[in-house]
Amino acid sequence: MSKIFDVPLYAYTRSPDQDAATPVRHPVVIIGAGPVGLATAIDLAQQGIKTVILDDNDRVSFGSRAICFAKRPLEIMDRLGCGERLVERGVQWDTGKVFFDTRQVYEFSLTEEEGHKNPAFINLQQYTFEQVLVERIREMQADGAPIEIRGRNKVEAIGQHEDHVKLEVETPEGSYTLEAEWLVACDGANSPTRRMLGLDFDGQVFEDNFLIADVVMKADFPSERWFWFDPPFNRGQSALLHKQPDNVWRIDLQLGRDIDKEREKRPENVMTRLKAMLGDEAEFDLEWVSIYTFQCCRMERFRHGRTLFAGDSAHQVSPFGARGANSGLQDADNIAWKLKLVLDGKAPETLMDSYNTERAYGADENILNSTRSTEFITPKSEMSRILRDAVLDLSAHHAFAQPLVNSGRLSVPCTYDGSMLNSADALAAPDLTRPGSPCPDAPLGEDHLLSKLGNDFTLLTIDADAPDSFEEDGVTATRLALSVRDDPTLTLKRQYLGDAPAGVYLIRPDQHVAARREAFDEPHFRAALRRATGKE
Amino acid sequence: MSDNLILSPNLDHADGFFDALARAHDGLEKSSSDALNARLIFLLANHIGDNEVLDEALKAAQTSGHQR
């Protein structure tokens, strides 16, 4: 087993807070040092907000867990100063193959968007992802950033108050009390925070069991995603093979409903199944095995007073489509700038309600997509299996049927249509960049557009005049002046203007479009900035 | 606006099509027949394409079954 699981990355050390006469109050406390908690903390600390992460453990998660990171989360991680490191360490893939019974029915390519800095996807073990984020936190600490991870600090009780949250924290040296102006619960699908606050988590439970295995293989399989429906080595069920770094392969085998979990998990039984799949001559070692079932559900609201829920604690989806960690990172992206404005007194507390509205909308989209994939992969009735198999058979002969094959609709970023932070669209330009959209990347010489956006409000002008900056009620938007000539590939023009001769965009700190118009109209953009900060 | 689902006679050869459809199932096991029908539904649906027409067809099929 790789050493990374065994080494404490944030070992317990005594905090002065434990010896304080009265409980110390921090602006933000985050529960859970998984991908979502770490990303939220980095984002806040990067903007100068003092942040404490509490985790009941002291090391990265065991087993590969989340392994597919999509472009939008990688762009977010770029803004947080560690995207390039993640891409370097990950495996890139762009080909997927679908098999039905003994034959390949078709093959697809993830289309790379020309001029975007990040790939469509990388595969990377969750523990490596977490390790890179902890490294980033260590660097920030060395530079004096106000961020702290407290290992083996387990929250035992939570008290909600009007303007803060009170926490009872258990440590190896006894318990202490801590206060937070805002609490962000990133403590996973079984969230103890949710349980302690007595909140529901409703949705659809799927009864199929899946065996998940990481194997270290010497074989030279290509870096592709292979998905099998009803293969000879797993009759009536599905299978997935996916490559991770360091010759580790992820294998998912559907096992069906009523199984003996303990028996299936025994290494000799797992090896028998894997040999049937990979062939007798394949040489491999088993690194990690787990059996899981899943549910598609979410909390009714992600904000409860001064407590916010993010990632799996707020919503859970099936694994098909890689919509778990990827959506959690978009939660982090949405929370941090809003909390910063509220804590700085530059936006009303109700701005945090827009976190709930926008990310619940995203969660519904993910739940819908992942539920449909699950229904296709694990048909619930005889007729739905007949229809599913008809699609697979047709897809081997006719291109029209291939879009109907659903082995997981891979995570794409959410556009916050209808958000109360958006201003009405006032530019005849492509839908891709309508208010609510995450800004698509574009090449700018040696650099990229997205590296110039984010963390603060930006007024992007493309062949349009505007002041260098403007301030509205304490919030400043700074101009980024570009011309279509800055990008000879015309990606900027194609995505942001279309046939319009010029455009002005108000872009949020999380790189989502708040408003757009053909020219800088001051009252309009002042109102848009007020609206985007929850003041209209 | 899309065209509505055609519910007036529109087949070039009504008897011939019925015959061909029934004959296509001759000698097939129930499971193969079901699969054939399913493939045919998807082929026809793709040819139609228009989601409103498909929705209307689905509703028309749901509401025109024999009432027992």
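Helices here are DSSP runs of H or I with at least four residues, strands are E runs with at least two, and both are numbered from the N terminus. Over the chain, the average pLDDT of chain B is 93, and 94% of the residues score at least 70. For the model itself, ipTM is 0.94 and pTM is 0.93.

Some housekeeping: this is a predicted model, where local features need pLDDT of at least 70 and side-chain atom pairs count only at pLDDT 80 or more, while totals for chains, interfaces and linings use all residues. Residues are numbered from 1 along each chain as its sequence is written, and chains are lettered from A and ligands numbered from 1 in the order in which they are written.

Next, show where the chains meet. Chain A puts nine residues into the contact and chain B six; two residues count as touching if their C-beta atoms, placed from the backbone, lie within 7 Å. On the chain A side you'll find seven nonpolar residues, two charged and no polar ones. Nonpolar means Ala, Val, Leu, Ile, Met, Phe, Trp, Tyr, Cys and Pro; charged means Asp, Glu, Lys and Arg; the others, Gly among them, are polar.

Now colour chain A by domain, with bounds from an automatic or database domain assignment. Domain 1 comes in three pieces (3-90 + 121-200 + 296-367), domain 2 is 203-293 and domain 3 is 431-532. The centres of domains 2 and 3 of chain A, over C-alpha atoms, sit 46 Å apart.

Zoom in on strand β1 (residues 24-31) of chain A. β1(A) runs parallel to strand β11 (residues 174-185) of chain A over seven bridges, with A:Ile30 bridged to A:Val184. Pairing takes at least two DSSP bridges between two strands. β1(A) also pairs in parallel with strand β2 (residues 51-54) of chain A, over four bridges; look for A:Val28 opposite A:Thr51.

Then select the open eight-stranded sheet of chain A, ordered β6-β5-β13-β14-β15-β12-β16-β19 with mixed pairing. β6 (103-109) and β19 (315-316) of chain A are the edges: each has a single partner strand, so one side of each has no neighbour in the sheet. Inside it, β14 (residues 238-243) and β15 (residues 248-256) of chain A pair antiparallel over five bridges, and A:Leu241 is bridged to A:Ile251.

Last stop: loops. Most residues other than glycine have a negative phi. A:Arg152, in the loop between β8 (147-150) and β9 (154-160) of chain A, has a positive phi near 50°. A:Asp473, between β23 (469-472) and β24 (475-482) of chain A, also has a positive phi, about 55°.

Buried or exposed: which is A:Asp473? A:Asp473 is exposed, because 11 other C-beta atoms lie within 10 Å. The cut-offs, with C-beta atoms placed from the backbone, are 20 or more others within 10 Å for buried, 12 or fewer for exposed, and partly exposed in between. With 19, A:Arg152 is partly exposed.

Note on methods
pLDDT is the predictor's confidence in each residue, from 0 to 100.
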